[in-house]
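Subject: Structure handover

Hello,

The structure is placed below for your use. Notes on what was found in it follow.

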Amino acid sequence: MLPESLLLLYQDDITPQPDAILSPILVATSLTGFNIPIDPAEAFDNPVGRLYGAFSYDHMSDGVRWVAFWYRDGEVICFESNPWDGGTGGYGYTDCLPEGGWPEGEYEIQIFIGTQWQVSTRFQIRGSPPTATVSPSPTP
């Protein structure tokens with residue numbers, strides 16, 4: 001469900017078309033220039049950079065609010081909420097790069113059109129994210 005705290009965002013929004021639809025979300029580390037995922041997977045081994053949740057869409061209306069949530073263990077790690085600006089059909093994506101990297105675990109992406117859930121997917125991150133190491137710099 002869309003959190004109640006976000007419902008205020010929708011007071012003046014355009015109503016989505018009833019036949020607006022998104023395909024299943026494919027998760028990948030990169031996209032083509034047309035927003036098509038390259039080598040999508042259900043599990044990724046650290047180190048992992050930015051991830052993309054790619055989908056195709058049809059019957060969308062510019063100006064309709066859409067929301068994407070990225071969860072780890074029920075906690076939101078990334079979030080975006082924007083008026084749609086991609087036209088009626090094509091390929092789109094949501095992306096995420098959590099501060100501090102991707103801890104090992106189970107993740108979920110949920111996408112809403114207007115206030116209605118449309119599609120979600122789950123994926124897994126394996127292994128610990130790399131830790132920053134400090135390298136001493138030479139002193140003059």
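**Aromatic residues and the core**

Phe123 has 2% relative accessibility and therefore counts as buried (buried is under 20% relative accessible area, exposed over 50%, partly exposed in between, with a 1.4 Å probe and protein chains only). Leaving out residues up to four places away in sequence, Phe123 touches Val27, Glu42, Phe44, Leu51, Trp70, Trp102, Gly105, Glu106, Tyr107 and Ile109 (a contact means heavy atoms within 4.5 Å).

On provenance: this is a predicted model, in which local features need pLDDT of at least 70 and side-chain atom pairs count only at pLDDT 80 or more, while totals for chains, interfaces and linings use all residues. Residues are numbered from 1 along each chain as its sequence is written, and side-chain values use heavy atoms, with hydrogens and water left out.

The count of aromatic pairs is 14 (rings of Phe, Tyr and Trp, the last by its six-membered ring, pair if their centres lie within 6.5 Å; planes under 30 degrees apart are stacked, over 60 edge-to-face, the rest tilted). The rings of Trp70 and Trp102 have centres 6.1 Å apart and planes at 55°, so this pair is tilted. Trp70 belongs to strand S7 and Trp102 to the loop between strand S9 (90-96) and S10, so the pair ties together parts 32 residues apart in sequence (strands are DSSP runs of E, at least two residues; helices are runs of H or I, at least four; both are numbered from the N terminus). Both Trp70 and Trp102 are buried.

For Trp102 and Phe123, the ring centres are 6.1 Å apart and the planes at 70°, so the pair is edge-to-face. This pair also links distant parts of the chain, with Phe123 in strand S11, 21 residues from Trp102. Ring pairs join Phe44, Trp70, Trp102, Tyr107 and Phe123 into a cluster.

The largest nonpolar core has 25 residues, of which Leu51, Trp70, Trp102, Ile111, Phe123 and Ile125 touch the most other members (a nonpolar core is a set of buried Ala, Val, Leu, Ile, Met, Phe, Trp, Tyr and Cys residues joined through side-chain atoms within 4.5 Å). At least two residues of this core come from each of S6 (51-58), S7 (65-72), S10 (105-113) and S11 (116-126). S10 gives the most, with 4 residues.

As for the protein chain as a whole, there are 11 strands and 0 helices. Of its 140 residues, 37% are buried. Among contacts between residues at least 6 apart in sequence, 64% join residues at least 24 apart.

Regards
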